[in-house]
Amino acid sequence: MQLTMEGVLALAPDDSSAKAARGLTSPAKWPLLGADERAAWGECQGSGSKPYQTQVDFNGPAFRCSCPSRKFPCKHGLALLLLRAQDGALFKASDAPAWVNEWLASRGEKAQKKEQKLAEKAAEPVDPQAAEKREAQRWQRIEGAAQELQRWLSDQLARGLGALNPELLRGWHTMAARMVDAQAPGLGQRVRDAADGVRQGEDWPERTLHRLGLLQLACEALSRRPVLSPAVQADLRVVAGWPQDKAEVLAEGERMADRWTVLGVAHEERDAKLVERRVWLRGERTGRTAWLLDHAFGGRGFEQGWIAGTGVEAVMAFFPGASGLRALAVDPLGAPGAPHWPMPRMADEWQATAARVAACPWVSWHPLVLPDAVPVRHGDRLLAVAGERALPLAIGDADTWALLAASGGHPLQLFGEWDGRLLRPLAAWRADASLVAWQRSGG
Amino acid sequence: MSRAWEPLLPAAMVGTDRQAGPLPTWPGEVGQLVAQVTAGDDPAANALRTAAILASCSLAGAQGESWAGPLPAPAGDETWPALGDAPLLRLILWALSDGPARMHHAVCLALARAGHRLPAALVPQALELGRRSLALRPLLGPVLGERGLWLAAQRDDWRYAAGVGQAGADEARWTDGTIEQRRAFLANERGRDPAGARERLAATLPELPAKERAELVAELAAGLSDVDEAFLDELRNDRSREVRQAALGLLLRVPHAAHPQRAAGRIAALLRHERVLLRKRWQIDAPAEAAADWKADQVDATRPQHESLGERGWWLYQLARQVPLAWWAEHTGLGPAELRDWALGTDWAEALLRAWRDVLFAAPDMAWCEALLEAWPHKLLRDDPAAVLALLPLERRERHWRRQLHNDQVDLGLVVSRVLAACPAGETLSADLSVDLARAVRQRAELGAASAGTLRQDWSLLQQLPELGGVLHLDALAPLADLPRPPDETPSYAHHVQALTQVIALRRALHSFVTSNTP
């Protein structure tokens, strides 16, 4: 298993856990350390009389610890992996104790049961008529909301954006709330985003029109939904904010087995306690891009660990939709190994992006690999210059200097999320090395 | 944002109600598409549909901005390899982010000795440390590598490190180097050709800011002789107080220089050898009024506002600090300790002792250091004796510390704090004293929880442990490498003991790295 300190720390639910874990990486704190090819385990001296039993299943990696912490993974689990990354020779024991074997066995069983349950659920005839009826009702409400939104959009354009004042903008928020009431929270969020962008930055009129234009497109598409392809209908469902059932995706989604290179991982704090994680993968044999979107509440961490710059054997189940990006990784995952970095031509990356926009214009993040890009400070912006194009980067101060240091003015392969205006870089690597040269640390 | 939006803006901003005319047209396929979907007669719907097309097409076609200019020059080729030893790197990463400042020095010194530079990922952090620590800057230069120079040049508060690369010609280090590089260059030349270095400095001096003038003038301390007097005499009239002080300090060390001799003449006039009963005794009286010729010799007649000395005491202090210490012994026939006791018995004790301490820093003298340290007049000299102690060679300093260590009245934490205060970064104690200190700490750690003076209750000693690990002799660290970790240890105990363990691991790793990388 290929482990780096940075990669392990990236799994921490928050900074204080990462710091606490670093403090536990003294072998003296661990009276017992052991590992085999499946897992690592250890006993960590805590404040109680009995040491904590900590274990990590390399597949995933998945964590378990007997400590009472609500953080996941807890500092002990992280510290155990850090120690493993630091010095594998410390892990002297090789016969897994009963508490490790039991857990590993139960994990295997659980995964099997989950599969079984899914299969049963898929096979179950759950009164298809009732389900269809419920579905039809929700579409009806959404389509009604879209009609209302369409009229409202026309009103805004008839009145003109220049007249917008705080009072009129409150009307936009009211409209957003009506969309939520009509079970189309996705449309509501887009209205709210448009309202928040008014009078922000010099080009706000263009950007507001851009947002309203995409809403217009959604309204028109919803008005003739029944004649559209199932893939576009699925995209419209996402735009409306009606999530696909994950179990359904696992059961029926298009499946693809491959060794997936983790191109980058983005964490973003949404609300006070909600963290969104976006993981971008590229299949080594298929070249397919997969996007995993997860949320975690209150520092609970994520069930699956993904470390940028590793390669993992796994099966993806893709969500329906014309963009074909979003997927779920089917458990169990393989152990992370060396990455197989893609080396695309710039023109092909742009072509793929354009095709994706054509298929689904509502995609908010496009995965983009910039080959041979040089980060350049230009005024107070950081640009990634690749060939004759320069992409402005969305990047914080500390990350700016770390990225510059990694490049030294020489070209790097840069992966990021492109929104048509800014590239949010997540990781960089050198053409001749497999190690990550840089990865985003801040939000 | 693409300019494609511009034609749509007027109607969208004032509203299609007021600007109801037909929409403009767009060229090419996008224009055809717009024309196709805006055939209806609802102007607002037409504007929205146009926006929908422009939004999706501009998204599909967006490829950033065009870039025609040349790229900025990349960092130069490195002469030293980057440190690649992973376990050592991890310890260094810890030291730079959480370790004591002393270990920052140790890391830089060791890497430079082994001819390695920091890997690029650590360069921003190292530059940031140098921004906050002037003392670290001279050591950072070599280990930052070309990548460090290149990065430092791009940020104002890192520019201190943006000098001339290792491949740069010697002369370029003087003309274009950082202040550290220029100091090193001047010191080097001063060693080979003292007069040449002085003349080079004299020629450049007018162009330099005050702080750099003072720092470079200080480099003349090496190889000081009579021939430097004229130049230093000129500098006594420099615009900057710092430079004037530096010149006066150096003049104290030039044999037979005229300025200190004039100063000694003024003091001699204030001293009288008087008979008191059967014994002859030296008497001193502060000047009664300021003299006209003081100003030309940098004696300031105006007493500063917050000065603790009275006006006459202030005058005496100023006169006395221009006189070499050796003169007092010659003139009175008394040794440093006798002079100290004598001064304490006069009305002008504070003026004299402060003056002597100032002279001591400009021209260190071991006998005088010892005399002051033996009976540090805490009431008169409010600063810490550590700075005077630091003037002594290590072996003499250790004698002081050893005395304190074996004195049960002095708390171990206090001894350690004195050792750390007067032991500059980069220096380590002798094996003997280190063994004693390490043993003393270990004993405190092994005391039962209930006994007095146990390490876990001694917060002062506890928090100094990581730094102590940085000054003890490498061979004496073993007893501290595995201090007992009681199951009920406090978080603070765990933190400091863990940090000490890290420091020790780092020192050992650096040592073996240097040994295996030096021929």
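**The interface and the chains**

Mentor: Start with the contact (heavy atoms within 4.5 Å). It takes 63 residues from chain A and 48 residues from chain B. This is a predicted model: local features need pLDDT of at least 70, side-chain atom pairs count only at pLDDT 80 or more, and totals for chains, interfaces and linings use all residues. Residues are numbered from 1 along each chain as its sequence is written, chains are lettered from A and ligands numbered from 1 in the order in which they are written, and side-chain values use heavy atoms, with hydrogens and water left out.

Trainee: How much area do chain A and chain B bury between them?

Mentor: The size of an interface is often given as the accessible area lost when the parts come together. Buried area here uses a 1.4 Å probe and is summed over both parts. Of the area between chain A and chain B, 64% is on carbon and sulfur atoms. The total is about 4,700 Å².

Trainee: How many salt bridges does the rule find across the interface of chain A and chain B?

Mentor: Side chains of opposite charge can pair when their charged atoms come close. The rule wants a side-chain nitrogen of Lys or Arg within 4 Å of a carboxyl oxygen of Asp or Glu. B:Glu65 and A:Arg381 meet that way, at 2.8 Å from N to O. Across the interface of chain A and chain B, the count is three.

Trainee: Which helix gives the largest share of the side of chain A that touches chain B?

Mentor: Helices are DSSP runs of H or I with at least four residues, strands are E runs of at least two, and both are numbered from the N terminus. The helix in question spans residues 204–223 and gives twelve residues. It is helix α8 of chain A.

Trainee: Which residue in β1(B) is the bridge partner of A:Arg389?

Mentor: Two strands pair if DSSP finds at least two bridges between them. Strand β12 (residues 389–392) of chain A and strand β1 (residues 65–66) of chain B pair in the antiparallel sense over two bridges. The partner of A:Arg389 is B:Ser66.

Trainee: Which strands stand at the edges of the open sheet, each with a single partner strand?

Mentor: The sheet has seven strands, with antiparallel pairing. Its order is β15(A)-β14(A)-β13(A)-β10(A)-β11(A)-β12(A)-β1(B). Each edge strand has a single partner, so one side of each is left without a neighbour in the sheet; they are β15 (436–439) of chain A and β1 of chain B.

Trainee: Inside that sheet, which residue in β11(A) does A:Val376 stand opposite?

Mentor: Take strand β10 (residues 366–378) and strand β11 (residues 381–386) of chain A. They pair in the antiparallel sense over five bridges. Opposite A:Val376 stands A:Leu383.

Trainee: What is the radius of gyration of chain A?

Mentor: Chain A has twelve helices and 15 strands. The radius is taken over C-alpha atoms, and the globule rule is 2.2 Å times the number of residues to the power 0.38. For 443 residues the rule gives 22 Å, and chain A is close to that, so it is as compact as a globular protein of that length; its radius is 24 Å.

Trainee: And what is the radius of gyration of chain B?

Mentor: Chain B comes to 26 helices and three strands. Its C-alpha atoms fill a box of roughly 125 × 70 × 50 Å along the principal axes. A compact globule of 519 residues would be near 24 Å, but chain B has 34 Å.

Trainee: Which residue forms a salt bridge with A:Arg288?

Mentor: A:Arg288 sits in the loop between β6 (274–283) and β7 (289–297) of chain A. Its partner is in strand β5 of chain A, 34 residues apart in the chain. The closest N and O atoms are 3.1 Å apart, and the partner is A:Glu254.

Notes:
Buried area is the accessible area (1.4 Å probe) that two parts lose on being put together, summed over both.
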